[in-house]
Amino acid sequence: DPPEHTRLRAFVADFFVKPRSKQWRRDVQATCARLIAALEGCPEIDLVSEFAKPLSLRTIGSIVGIPPEGEPKIQRWSELLVQADFEDASMFPRIADDMCSYFEELLDRKTAPDDSLFSRLAIEVRGGALAKEEMFAMTFLLLNAGYETSANLIGSGVLALLQRPSQWSAVCSEPSLAAACVDELLRFE
């Protein structure tokens, strides 16, 4: 809630601007191409585990600044968070401690600035404008929301289109409808 949310949002709001999103689009398209190429010739695939989750994880990991070797940790923590939410809330503190330990390691290794959000926030922490705990909480929130939400939207969006063949056909025959389709699936799902 304001005013704290307003203060924290100011650290990240201008990071998500159009010039960066153009580069992210290119990165996402390249990741999609690699994932699709790996699936070509497969008679059957699990869209979520073989495409949606890897795509979402690579995308948000790259934006935030998680090196590829750290992505399996992020995926595992995300799965544990869902499990904790539905089965055992006592798992939350352990998951949070593990994630914060990992973020601490990343912060210690981030000695030179790069184009990631984590790097930008590290500068703010070192300058005293942002507490380390605030940085870790924002990183946690962005990773979990960006990964789970995107992966789930891909799966549920494709299912919604498959259940409505006329809509699926319309998007397939007219690719310019894709952006509006995604917006509508966000609203619908």
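**Fold**

I started with the secondary structure and found nine helices and zero strands. Reading along the sequence, I get α-α-α-α-α-α-α-α-α. I'm keeping in mind that this is a predicted model.

**Overall dimensions and contacts**

Next I looked up the extents: along the principal axes, the C-alpha trace spans about 55 × 40 × 35 Å. How much of the protein counts as buried? I get 33% of the 189 residues. For contacts with a separation of 6 or more, I checked the share from residues 24 or more positions apart, and that share is 59%.

**Surface and charge**

The protein exposes about 11,500 Å². Carbon and sulfur atoms supply 59% of that area. Then I went through the charges and counted 20 positive and 29 negative side chains. How far apart do the centres of the two sets lie? I have them at 6 Å.

I also looked for where like charges gather. Lys18, Lys22, Arg25 and Arg26 form a patch of positive charge on the surface. Arg25 sits in helix H2, which covers residues 18-39. Is Arg25 buried or exposed? Its relative accessible area is 57%, so I log Arg25 as exposed, the cut-off being over 50%.

**Serine 49**

I moved on to Ser49, which lies in helix H3, residues 47-64. Ser49 has a relative accessible area of 43%, so it goes down as partly exposed.

**Cysteine 172**

Where does Cys172 lie? I find Cys172 in helix H8, residues 165-173. The relative accessibility of Cys172 is 49%, so I have to call Cys172 partly exposed; the exposed class needs over 50%.

I ran a C-alpha to C-alpha check here too, this time against Lys110. Cys172 and Lys110 are 62 residues apart in sequence and 43 Å apart in space.

**Side by side**

I put the two pairs in one place for later use. For Cys172 and Lys110, my entries are 62 residues and 43 Å.

Conventions:
Residues are numbered from 1 along each chain as its sequence is written. This is a predicted model: local features need pLDDT of at least 70, side-chain atom pairs count only at pLDDT 80 or more; totals for chains, interfaces and linings use all residues. Side-chain values use heavy atoms; hydrogens and water are left out. Patches are made of residues with over 30% relative accessible area and no salt bridge: like charges are joined within 9 Å, nonpolar side chains (Val, Leu, Ile, Met, Phe, Trp, Tyr) within 5 Å. Accessible areas come from the Shrake-Rupley method with a 1.4 Å probe; for residues, only the protein chains shown count as cover. A salt bridge is a side-chain nitrogen of Lys or Arg within 4 Å of a carboxyl oxygen of Asp or Glu. Lys and Arg count as positive and Asp and Glu as negative; His and the chain ends are not counted. The place of a charge is taken as NZ of Lys, CZ of Arg, CG of Asp or CD of Glu. Helices (H or I, at least four residues) and strands (E, at least two) are DSSP runs, numbered from the N terminus. Buried means under 20% relative accessible area, exposed over 50%, partly exposed in between (1.4 Å probe, protein chains only). Contact means heavy atoms within 4.5 Å.
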